[in-house]
Amino acid sequence: MRLLAWNIRQGGGSRLPRIAEALKHHDAEIVVLSEYRGGPSAPRLCGALHSLGYRHATTVLPPPGRNGVLIAARHPFREHGAVGVGLPEPYRMVSIDFDTFRLIGVYMPNLLAKIPYWEALIAALSLQSSKRALAIGDFNTCRPYVDEAGAIDATSHYMDAIEQIGFRDLWRHRHPDRREYSWFSTRNNGFRIDHAFLSQELAACAGTVHYSHEERVAGLSDHSPLILELAGDGAGPPAVKAGKHRHQWSDPVKIS
C-alpha cells in the first residue's frame, strides 16, 4: 500500500491540474495533503481527487482562506475527526482508522505556535504506541544540523519526544546521516520538515520511504512529496468493518 504526503501550497491554486497529474503518476492508495484550504479551493481540490479515484475523504474543513490537512483514499475508512481538544486550528490534525492501522494526517503551524499541536499529537499517539499507527505530513519541525544546516528550530526536541513513546522517524532511521531536504525557504535554505512517524509494529512491515523532488523543482509546490510503502500485513485494500462510518464524495467538481 502506497501513502503520499504532500504540502501542496495554498490549496493548489492554478497549479492544481499539474498537482493532479503528479498524484496520478504516483498512484498512491492514500494521500495526505497539507495546506488544504477552505473556501473555493476546497471543492476544486476534492473534485480533482474524486476524478483520480479518491472517493473517500475526511470531512474536517478549514474556514475560507485558512489551511489544514485533508486525507483522501480509494478505500473507505472510519473518521475520528480532529486530534486534540481546544486547539486554535483543529483542522490541522485529523485522525482516521482503516481495518489494519490508524492514520493521523498532520499540518503543524510555524515557530512556537506548533507546541500545543505537538503536545496533543504525542498524547494521542501515546494511546496507540503498542498498536499499528502512524502520523504523517508537514510537521514544520526538524532536527538541528541533520534536517537543517543550522539549529534554528526551537521545537526540535519534539522529534525525540515522539520517538520516546515508540514512534520511529522512518526516513531518518533508514538514512541516519543523510541530508535531504523536503522544503526550501525563499532564501534557498533547505529543511526536512515532512515526516512519517510509525509505531514499532507498523514500522516492522514498512517498505520503502522516499521524497520525490521533481514536483518541487518543477514549481508545483515548495515541498517535495513524501512517499511511504507499507508491506506485509499493512498491504492490501483497507476496508471498513460493518457498522462503521464511511465518507464518500458526491459527483466531482470540475477544475476550472
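1. Buried here means under 20% relative accessible area, with a 1.4 Å probe and protein chains only. Strands are DSSP runs of E with at least two residues, and helices are runs of H or I with at least four, numbered from the N terminus.

2. A word on the source: this is a predicted model, where local features need pLDDT of at least 70 and side-chain atom pairs count only at pLDDT 80 or more. Residues are numbered from 1 along each chain, and side-chain values use heavy atoms, without hydrogens and water.

3. β14 has two antiparallel partners: β1 (residues 2-7), over four bridges, and β13 (residues 206-211), also over four bridges. Strands pair if DSSP finds at least two bridges between them. Arg2 stands opposite Glu229, while His210 faces Ile227.

4. Now to the helices. The axes of α3 (residues 115-126) and α4 (residues 157-164) come within 10 Å and cross at roughly 10°; axes are lines fitted to C-alpha atoms over the stretch in contact, with angles from 0 to 180 degrees between N-to-C directions. The two helices are therefore roughly parallel, a label for angles under 35 degrees.

5. Which residues of α4 are buried? They are Tyr158, Met159 and Ile162. Seen down the axis of α4, its buried residues fall within an arc of 110°, so they line one face of the helix; the arc is that of the directions from the helix axis to the C-beta atoms.

Terms used
Angles under 35 degrees count as roughly parallel, over 145 as roughly antiparallel, 65 to 115 as roughly perpendicular and the rest as oblique. Buried means under 20% relative accessible area, exposed over 50%, partly exposed in between (1.4 Å probe, protein chains only).
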